[in-house]
Amino acid sequence: MNKLDSLTKELILKYPFYKDYAKGASVSFFDLPLTDKKLITMRRNEFEILKGEVNESYTSGSTGTPFHCIKSKEEQLSLAFSLYKHRRKWGLPFKNHSLLLSNRVLEEEHALSHYTKQVVNKEPHMIQGRASALYQLALYIQRNEIQLKNENLLFIQNWGEPLSEKQIRVVQEVFDVPVVDYYGLEELWCIAFTNEDGDLEIDEHVHVEIINPETLKAASEGEYGEIVVTSFIMKSIPFVRYRTGDIGKIEENKQGKKILTLFPIRHSHVIKLKDRNVNASIFRYLDSFFFQLTNQGITQYQIVQQSLIELCFQYIGTVKDKTFIEKKLNEFVRSHLGSEMRISVQEVDELVHDPISGKTHVFIELPHEEISV
Amino acid sequence: MSTVSHSVDILKIIADLTKRKQISLEDRLVEDLYIDSITYLELLSFLEETFFFELDLDDLEPGKLQKVQDVVALVEQKRKTVSL
């Protein structure tokens, strides 16, 4: 029995959501329905099987739909082991030292100086961080003509943001080591990791499909569509035929490995301030707060920058106390952006969709022609 | 490679990872050797690479390997599967 059939059998036996799919004849994996954050949240008790202590986290992903993630110790270990093995392929030794870049205001001199000192003094084997943070650090080192004599450094690893060609080029030039990419979700971690040919190779612990997001039918090999993922590790909540909202395509390489290509992103979203830009991934620090808002009745949200000093939190659903959200966002902006901005909270019927991918991004940045106070 | 030499090699690997001079088969990985999750990952990876096998998801349950002798038993089991 192959892995997908075995998983299907297990789902039907154990999970109330999937029991309805047990028919007289055998059920194929592809008969199972597509799932997403909204469905799992609405019918959570039919998906969740808790065994012992779990680790909790929150994500709104890139679509502004808050989700409560849980992982058992066993799942965390399996997911971590999978990631560790990918890094080992890039030479990461046992007893290694790695440096993790924060995604707080990395444009500030003191933060950049701090991390540069860490690179020079601690000599990590690996530096990991979001693309924007890695890029800012590389530019800082380049600008200040700092000599890096770290012979331990083996590779730089991106996560959490799309990585552009320009960012790869600059980071590679400054650190003189490969830049590797990691595509995954907070819900189930690694989906694909850069292989020795520089391609995003799909992890052995997931199954990935590409569907046409309008018809929901399978896309042809090599055709772009929505990435749908199934995890063989996650059982506390099964992520089976789980829609990511991301666009990509799958092709097989000469060795028969599945390679994922993400739809090219022009740029990451930035919050434009009077004196600098800050990457909008900083709103990830509010994932837990946004999830709590779902208890009040919010199903999806979006933060729209309306001017250099105005942010509007737009949401679908209901909210009892808008001032509570305004206050939280004000505090956040002050502490994390070092700036004062006017915050408004607005209920809407529909959020703004990306004209190319159709995705609903968490943050809508200021168009270039509207930079004014 | 014989079972005896596997045991010796595994004891040496764990001693090295935990920076201890002496390890016994009865030592418990967490309670006696204070192996944390990162060291546990390193151990598993080292075993795969040293003894040329791949672990399954079932093998990774933390409670499965309580003592050093459990690690030896796992390696023996995996080596038998590889040689079949």
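Leaving aside its neighbours within four places in sequence, with which residues is Glu42(B) in contact? In this predicted model, the residues that Glu42(B) touches under that condition are Phe94(A) and Leu17(B), one from chain A and one from chain B. Glu42(B) itself lies in helix α2 of chain B, which runs through residues 37-51, and it counts as buried because 20 other C-beta atoms lie within 10 Å, where 20 or more are required. Val75(B), by contrast, is 33 residues away from Glu42(B) along the chain, and the C-alpha atoms of the two are separated by 15 Å.

The contact between the two chains takes 12 residues from chain A and 10 residues from chain B. On the side of chain A that touches chain B, the residues divide by class into 7 nonpolar, 1 polar and 4 charged.

From here the description turns to chain A as a whole. Its secondary structure comes to 10 helices and 19 strands, and its C-alpha atoms fill a box of roughly 70 × 55 × 40 Å when this is taken along the principal axes. For a chain of 373 residues, a compact globule would have a radius of gyration near 21 Å, so the 22 Å of chain A agrees with that expectation. Of these 373 residues, 38% count as buried. Among the contacts in chain A with a separation of 6 or more, 61% are made by residues 24 or more positions apart.

Two open sheets of chain A can be followed strand by strand. One is a sheet of 4 strands in the order β3-β4-β5-β6, with parallel pairing, and its edge strands are β3 (98-100) and β6, each of which pairs on one side only. Within this sheet, β3(A) and β4(A), the latter spanning residues 126-129, pair in the parallel sense over 3 bridges, and the bridge partner of Leu99(A) in β4(A) is Ile127(A).

In α8(A) the residues Gln167(A), Ile168(A), Val171(A) and Phe175(A) are buried, and, seen down the axis of the helix, its buried residues fall within an arc of 100°, so they line one face of α8(A). On the other side of α8(A), Glu165(A), Lys166(A) and Glu173(A) are exposed. The buried residues of α8(A) pack against the helix α7 (131-143) and the strands β5 (155-158) and β6 (179-180) of chain A. After α8(A) comes Asp176(A), whose phi is positive, near 60°.

The other open sheet also has 4 strands, in the order β18-β17-β16-β19 of chain A, but with mixed pairing. Its edge strands, each pairing on one side only, are β18 (342-347) and β19 (363-364). Strand β16 (residues 298-307) and strand β17 (residues 310-317) of chain A pair in the antiparallel sense over 8 bridges, and Val304(A) stands opposite Cys312(A) in β17(A).

Strand β16 of chain A also belongs to what covers the buried residues of helix α9(A), together with β1 (54-59) and β2 (67-72). This helix runs through residues 287-294, and its residues Asp287(A), Phe290(A), Phe291(A) and Leu293(A) are buried. They cover an arc of only 150° around the axis, which puts them on the same side of α9(A).

Conventions:
Residues numbered from 1 in each chain as written. Chains lettered and ligands numbered in written order. Predicted model: local features only at pLDDT ≥ 70, side-chain atom pairs only at ≥ 80, totals over all residues. Rg over C-alpha atoms; globule rule 2.2 N^0.38 Å. Buried ≥ 20, exposed ≤ 12 C-beta atoms within 10 Å, placed from the backbone. Contact = placed C-beta atoms within 7 Å. Nonpolar A, V, L, I, M, F, W, Y, C, P; charged D, E, K, R; others polar. Arc of directions from axis to C-beta. Pairing = 2+ DSSP bridges.
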